[in-house]
Amino acid sequence: MILVTGGAGFIGSNFVIDWLASSDEPLVNLDKLTYAGNLNNLLSVRQDPRHIFVKGDIGDASLVSGLLQQYQPRAILHFAAESHVDRSIHGPADFINTNINGTFTLLEAARAYHAALPAPQRDSFRFLHVSTDEVYGSLGPADPAFRETDAYAPNSPYSASKAASDHLVRAYHHTYGLPTLTTNCSNNYGPYQFPEKLIPLMIANALAGKPLPVYGDGANVRDWLYVGDHCAAICRVLAAGVTGETYNIGGWNEKTNLEVVHTLCDILDQLAAKPASYRDQITFVADRPGHDRRYAIDAGRIERELNWKPAETFDSGIRKTVRWYLDNGDWLQNVLSGAYLHQASRVAETVDGEGVRA
């Protein structure tokens with residue numbers, strides 16, 4: 001048994017689905033179901049007896065401790081986080097509460113649980129913390145890609161809160177001996193991504209005939225990682241990573257935002273053609289505050305030491321992604337309309353850590 005936090009969000013739900021498709025090991029999925037948590041992401045595993053969904057907050061110490069005692073997981077995979085930079089600029093409090101205080105509560109529960117385990121289970125237990133490349137700050141055009149040894153220099157409330165959580169995880173390993181693993185990933189994309197992020201937002205707006213807003217000059221650079229590749233890398237780190245270590249996970253796909261938007265428009269021109277090109281909907285808008293110019297991940301360590309590298313190129317991954325959104329219009333409309341939130345509101349709060357089928 002493993003415990004997954006944030007397993008109804010974008011990356012977490014993809015991980016849950018992939019895990020159950022490739023492993024017989026059951027999991028407990030703990031998610032608060034904020035706006036970014038969507039039970040429709042998990043429809044394909046709704047009837048799977050190996051998937052136990054629990055609606056709850058990682059900041060609820062008694063709930064988390066109860067789940068650990070009830071299900072005795074061999075690992076915690078910590079995806080739960082507030083993650084949208086724009087939201088962190090306008091409302092940083094939620095990011096402090098979830099990403100810092102929530103991680104602290106989870107670490108405290110994990111520390112007590114780990115300390116009480118008998119020797120064989122204690123030695124094999126793992127706490128895997130999923131983080132972001134944004135903790136490293138911004139790169140210049142000619143700077144080498146981020147490595148695990150680079151200093152942290154976060155520039156937004158979101159990245160600062162994730163940096164703080166990374167430091168807490170490191171401290172709990174070195175101070176208390178908690179067997180932790182940390183991964184820092186580049187920009188993910190793929191199925192079930194909430195349409196506030198660049199790629200699904202552009203797809204949704206394009207199909208609706210709305211402007212495609214590009215910040216500034218569109219030359220901000222990101223390294224793009226297909227979410228299925230990210231999930232596979234996390235499984236590899238869980239299986240073979242050295243405790244106390246950090247592994248950067250990237251796609252080796254540096255693209256400017258404008259390149260990404262142009263690619264999306266060109267694919268939509270092929271798959272959902274209309275009289276005019278979707279490129280005609282591109283609109284440049286005022287840049288956001290503190291917009292980091294470039295991120296890039298050096299994923300050499302995980303390839304050398306754990307024999308992992310991405311299976312998808314950007315071209316193959318982005319085409320899969322566009323096709324998924326075209327084929328899953330109902331999912332997209334439920335998110336855009338807010339209808340998915342009504343389903344979340346109907347899920348009963350758990351009592352004494354008992355899972356519910358969502």
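**The largest cavity and beyond**

Lining the largest cavity are Val-85, Glu-134, Ser-156, Arg-288, Pro-289, Gly-290, His-291, Asp-292 and Tyr-295. This is a predicted model, where local features need pLDDT of at least 70 and side-chain atom pairs count only at pLDDT 80 or more, while totals for chains, interfaces and linings use all residues. Residues are numbered from 1 along each chain as its sequence is written, and side-chain values use heavy atoms, with hydrogens and water left out.

What's a cavity, then? On a 1 Å grid over the protein atoms alone, a cavity is a set of points where a 1.4 Å probe fits but cannot get out, and lining residues have an atom within 4 Å of a point. Grid points are joined across faces, edges and corners, and the volume is the space filled by probe spheres set on them. Searching the whole structure turns up 3 cavities of 30 Å³ or more, and the largest has a volume of about 50 Å³. Its lining splits by class into 3 nonpolar, 3 polar and 3 charged residues. (Ala, Val, Leu, Ile, Met, Phe, Trp, Tyr, Cys and Pro count as nonpolar, Asp, Glu, Lys and Arg as charged, and the others, Gly among them, as polar.)

Now for an open space. A pocket is an open set of points with protein on both sides within 12 Å along at least five of seven lines. The second largest pocket holds about 340 Å³ of space. Its lining has 17 residues, and Glu-148, Tyr-152, Arg-170, Gly-244 and Thr-246 lie nearest the centre. Helix H6 (157–176) and strand E6 (180–185) are the elements that give two or more residues to this lining; helices (H or I, at least four residues) and strands (E, at least two) are DSSP runs, numbered from the N terminus. H6 provides the largest share, 5 residues. By class, the pocket's lining has 3 nonpolar, 8 polar and 6 charged residues.

Elsewhere, there's an open sheet of 3 strands in the order E7-E9-E11, with mixed pairing. Two strands pair if DSSP finds at least two bridges between them. Strands E7 (187–189) and E11 (254–256) stand at the edges with a single partner strand each, so one side of each has no neighbour in the sheet. E7 runs parallel to strand E9 (residues 221–226), joined to it by 3 bridges. As for Asn-188, its bridge partner in E9 is Leu-225.
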